[in-house]
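Student: I have a model open and would like to learn how to read it. Where do we begin?

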Amino acid sequence: MTSTKKDPVVVVLQLTGGNDYANTVIRYADPLYRDNRPGIGIPEGQELRIDDEIGLHPAMGAIKEMYDQNQVAIIHGVGYPNSPRSHFRSMDIWHTCAPDRLGTEGWLGRAALDIDPNKENVVTTVCFGPSIFRALVYPGVPVACVGNLDTYGMLPGVTEVDQRAKILDRFARMYVPAIGTGLVDEYLGQIGLDCLAGADILKAAPQLYSSEVEYPDSTIAKKLKGIAQIHEANLGTRIFYCDHGVFDTHANQVGAHGTLWTEVSQAVQSFFDDLREHDAADNVVMLLFSEFGRRLHDNGSGSDHGAGGVAFAIGDTVKGGQYSEYPSLKAEDLEQGDLVPNMDFRGIYSTVLEDHLGLDAKGIVEGEFEKPRFLG
Amino acid sequence: MAEQDIPLMAHLMRRAGFGASREELEERAAKGYEETVEELLDPDQNEAFNKFRMLRYHPWAWKPGTMTGHGAGEWMHRMVSTKRPLEEKMTLFWHQLFATGVSKIDHYHELTSMIDLFREKAMGDYREILLGMARNPAMIYWLDNCENHGDAVNENWGRELLELFSMGVGNYTEVDVREASRAFTGWTLTPVPPRGPVGRHSWDFEYKDWDHDHGEKTFLGETGDFNGEDIVDIILKNPATSRFIARHLYNFFVADEPQVPAWSVTPPNDPEAIEAIAQALRDSNYDIRSALRVLFKSDFFKKARYTRIKSHAEVVVGALRLVGGHDFPSPGIGNLSKQPGYMGQELLNPPSVEGWHTGAEWINSGSLMARINFTADLISDTSRPGIQNIINRLKAQGDLSPEAFVDTCLDLMGPLDVGQEVKQELVDHAGAAGALKWGSEEDSAASTNRVSEMLQLVVSTRDYQYA
């Protein structure tokens, strides 16, 4: 399972619920920011300044440190035309690259098929979450969907070692595709064996793992630690997916948004520290996105669903800095009170697909889009 | 009534419901197959779900917002606790056929209202169901009929009405789509849904005559100043509609068919069966109950055991009903309603207007593991009333050889016919620990564990993925 050359790996961290762009990357010097954020604005001076216009949310200290080391690309004004402002529909659009129709194939499902067309490795894609994100779905493409890496596998309730070995052995024997039982039965047999093989491969990861890095205590830190364990075990996984949230800060945003970003920032920093300790960071690019940004004018204690948002690309090979432009905050430039996107998200995917994973993006994102050049 | 009717009754209850305990199967078998079919077809014979009890403990279930899990919470509790299983199964059928999702509606209350409509009309007149959908605000918004104006036609609803809800591709022209859409101009919702910051208004159907195109239309060869009702009547006169709905009923209740988009080019697996159901629809003026009566009493249905892959909703609801103890609306209902979603069938949020792909397409490496682990986890809890009943039935047989132990488990879990190879694996597994004994307390505890393990293996089999 080990490979001699390092294959590129992408880690997607989805900020579920609609991350508030305006308070994540703050136009602290713009009076329109103050005017629009009477209730939840970050008081001037608290932002973590990266230039004379823009600063990061005070809870993003760890990401600011990485930004200062040129490892973070901030991509402004991300979205797509006619933003629906619905969590579900927006997330679907990000997952399937289909803003004009209801898509069912995920962009990373297609990428996984290009990476491993013969489906030789059942852990090419590993998903940390209660279920498979639609971004990963493609007919026949295996996805190992992990809740807790330490207990991952078929029948996790059977824990006694000897009993477990026996029952899984029995499971494998029952799933041997029997000749002549029909296509559906044979298909089920193959899927069942894929599940077992994936669990068998992944269970090696925590056993091989040791690290000096102490991750903070948060759910996103646990997920990223699991991803680090699998990545460092060299199992051939090329696509990792996880999420954190809920960023749906309609109310009491001031405390909640800060907590979320503290958790994300610290976990991401620990993750890359861990990877560097194992000389495993230089082939990893992490992409952070949210389904939409939030309304510019706050509602007193929070902010409502909006349009344009921000994405981040993080990694040792990322060319740090800012890409695209911060959309205008002027009232006449807003659409329904929202920042207007000027960077199509499919362009960001194209950069990751072509300039990191070495794939042809056109078929995957269904078209050609301007690529922010934060890689290569 | 004789014991040999149990497998048939179990088959009926898996398909017309979400499975049944052995006690229930025995009662029903004693009552008789035909009588049970009639009872299922007449839900009013049994106690209705008590919505007010549900709301007393779960006020969030009234007009749920947009939080995932909350939207389908009440429906999940209904499916798990209902005494009218076919009524809920038909509700699920209509949700699959008129697939409408919160991804666009962004308004769970409108979707739960649509589900309530499905339940009310579950086995009624298909004309009423179609017109109910044409007037349903969630459907109007989902398929943009609120954008279908007398002077600017939007064809989305008109097209899907013909393609997905009645005749299927190949039975109409693009001109028919246009003319049908014109006939539905002015069928809109009110008020226009505010996407703003405060709350959600309920939507109501409104027919705006001033926005309706009163011009002459020619649809499927007939000409006149048609309105929506006329289009539905012409659609129902076309025998293609009866065959299309029949094929849906067959795919849902009898055996897996190819996916819907392939229906115009792939003939049915059993054309005679489809025709029999279609004939029943035509003979009864599209009374769904009459079609179901023919279906459930037919030989093709009775023979079609374990020929469908269970949907994820059937897996989750079936397992919860099997282990029992969910009659009360206890905490955690919202979480239970998310389980099919974790497997790939998020209730009230189908991936598209085509609904979920069925059959083998339910299964991928993530969903198979989720299905098996969810079911095995539930079933391993030997304190559950349904599992206690299984253990008591095993105990009642005294000490059991490994083979008899496996046979009894397979019998009580189905009866499930797993084939010789898998059966041998199960017997070998049981044989490693010898006979199942209940004599001493120690034996009893060990045997309880062995039953738990055997049941987990049984629900892990490929065979158990079928209904």
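Tutor: With one residue. This is a predicted model. B:Leu25 has 22 C-beta neighbours inside 10 Å, so it counts as buried.

Student: Why does a count of 22 make B:Leu25 buried?

Tutor: The cut-off decides: a residue is buried if 20 or more other C-beta atoms lie within 10 Å of its own. B:Leu25 has 22, and therefore counts as buried.

Student: Which element holds B:Leu25, and what is B:Leu25 in contact with beyond its neighbours within four places in sequence?

Tutor: B:Leu25 belongs to helix 2 of chain B. Setting aside neighbours within four places in sequence, its contacts are B:Ile6, B:Met9, B:Ala10, B:Met13 and B:Ala20. For scale along the chain, take B:Gly150, 125 residues away: its C-alpha atom is 56 Å from that of B:Leu25.

Student: How do I read a helix such as helix 1 of chain B: which residues are buried?

Tutor: General idea: an α-helix has 3.6 residues a turn, so residues three or four places apart point the same way. Now the case. Helix 1 of chain B covers residues 6-16. Its buried residues are B:Met9, B:Ala10, B:Leu12, B:Met13, B:Arg14, B:Arg15 and B:Ala16. They pack against helix 2 (22-31), helix 3 (33-41), helix 6 (85-97), helix 14 (239-253) and helix 16 (288-297) of chain B.

Student: Next, the interface. How many residues of each chain are in contact?

Tutor: The size of an interface is often given as the accessible area lost when the parts come together. Here we have contact counts: 38 residues of chain B touch 40 residues of chain A. On the chain B side, helix 20 (365-379) is among the elements that give two or more residues. Helix 20 of chain B gives the most, with eight. By class, that side of chain B has 14 nonpolar, 16 polar and eight charged residues.

Student: What are the domains of chain A?

Tutor: The domain assignment gives domain 1 (9-149 + 213-365) and domain 2 (153-202). Their C-alpha centres lie 35 Å apart. Eight residues of domain 1 are in contact with five of domain 2. The domain 1 side of that contact has eight nonpolar, no polar and no charged residues.

Student: Last, the sheet. What is the strand order in chain A?

Tutor: The order is 2-4-3, in an open sheet of three strands with antiparallel pairing. Strand 2 (25-26) and strand 3 (48-49) are the edges, each pairing on one side only. Two bridges join strand 3 to strand 4 (residues 55-56). A:Leu48 stands opposite A:Leu56 of strand 4.

Definitions and conventions:
Residues are numbered from 1 along each chain as its sequence is written. Chains are lettered from A and ligands numbered from 1 in the order in which they are written. This is a predicted model: local features need pLDDT of at least 70, side-chain atom pairs count only at pLDDT 80 or more; totals for chains, interfaces and linings use all residues. Two strands pair if DSSP finds at least two bridges between them. Helices (H or I, at least four residues) and strands (E, at least two) are DSSP runs, numbered from the N terminus. Two residues are in contact if their C-beta atoms, placed from the backbone, lie within 7 Å. Ala, Val, Leu, Ile, Met, Phe, Trp, Tyr, Cys and Pro count as nonpolar, Asp, Glu, Lys and Arg as charged, and the others, Gly among them, as polar. Domain bounds come from an automatic or database domain assignment. A residue is buried if 20 or more other C-beta atoms lie within 10 Å of its own, exposed if 12 or fewer, and partly exposed in between; C-beta atoms are placed from the backbone.
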